[in-house]
Amino acid sequence: RHSTARRAGPMLFGSPGSRSPLVNWYLFEIGQDFEMVDAARVDRRSSEFPHPFGQIPALLDGELSVFESGAILMYLADKYGGLDTPEKRAEANRWVVWANATLDPICFKEDGNGRVLDTGLRGEPAAIAKLDEILAEQEFILGNDEGSFSVAD
């Protein structure tokens, strides 16, 4: 729990060099107000910080803390992004989990401390070719319909 007085909307703790820009982008796209907190300006070792390991991104929404970019995105989509049925959640969340488990390690080659050293996008990874194939046919991951932008994008 976090005892600090809250402003309207969630608080996102992050930095440009972390995965927090993914969350920022989603919040901007859905028009959700939020407060961006520069993680360099807070004590990430404090028990008040919303990630037990002091990592970013981390989100505080009221009394609820959520950490890991995929979990944050899925929570925000449930609460603010219209994923109001199990079917809609499953359709979007399979892509969020895929991006975290498969796409992220292709895009970012990291050392043991999480520092990005290189990318796996050189060459032609099969997963990227398949994603390009899907997006060649539709503007958004979940389709072309108006309002098809989702957390999956």
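Axes here are lines fitted to C-alpha atoms, for helices over the stretch in contact, and angles between N-to-C directions run from 0 to 180 degrees. This is a predicted model, in which local features need pLDDT of at least 70 and side-chain atom pairs count only at pLDDT 80 or more, while totals for chains, interfaces and linings use all residues. Residues are numbered from 1 along each chain as its sequence is written, and side-chain values use heavy atoms, with hydrogens and water left out.

I will start with helices H3 and H4. Helices (H or I, at least four residues) and strands (E, at least two) are DSSP runs, numbered from the N terminus. Helix H3 covers residues 86-107 and helix H4 covers residues 126-137; their axes come within 11 Å and cross at roughly 135°. That makes H3 oblique to H4. On the terms: angles under 35 degrees count as roughly parallel, over 145 as roughly antiparallel, 65 to 115 as roughly perpendicular, and the rest as oblique.

Which residues meet? From H3 they are Trp95, Trp98, Thr102, Leu103 and Ile106, and from H4 they are Ala127, Ile128, Leu131 and Ile134. Contact means heavy atoms within 4.5 Å. The contact of H3 with H4 divides into 8 nonpolar, 1 polar and no charged residues. In this scheme Ala, Val, Leu, Ile, Met, Phe, Trp, Tyr, Cys and Pro are nonpolar, Asp, Glu, Lys and Arg are charged, and the others, Gly among them, are polar.

Next, H1. In this helix, residues 20-30, the buried residues are Ser20, Val23, Asn24, Tyr26 and Leu27. They lie on the same side of H1, because they cover an arc of only 165° around the axis. The arc is that of the directions from the helix axis to the C-beta atoms. Buried means under 20% relative accessible area, exposed over 50%, and partly exposed in between, with a 1.4 Å probe and protein chains only. As background, an α-helix has 3.6 residues a turn, so residues three or four places apart point the same way.

What do the buried residues of H1 pack against? They pack against strand E1 (11-14), strand E2 (35-38) and helix H2 (69-80). H1 and H2 have their axes 10 Å apart and pack at an angle of about 15°. H1 is therefore roughly parallel to H2. The contact is made by Leu22, Val23, Tyr26, Leu27 and Ile30 of H1, and by Ser69, Ile72, Leu73, Leu76, Ala77 and Tyr80 of H2. By class, that contact has 10 nonpolar, 1 polar and no charged residues.

Now some backbone details. Just after H1, Gly31 takes a positive phi of about 75°. Glu68 sits in the loop between strand E4 (64-67) and H2. Its phi is near 80°, a positive value in a residue other than glycine. Glu68 counts as partly exposed, at 42% relative accessibility. In the loop between E2 and strand E3 (58-61) lies Pro57, and the peptide bond from Ile56 to Pro57 is cis, with omega near 5°.

Leaving aside neighbours within four places in sequence, Asn93 is in contact with Met74 and Leu83. Asp78, in helix H2, is partly exposed at 36% relative accessible area. Not counting residues up to four places away in sequence, Asp78 touches Leu83 and Arg89.
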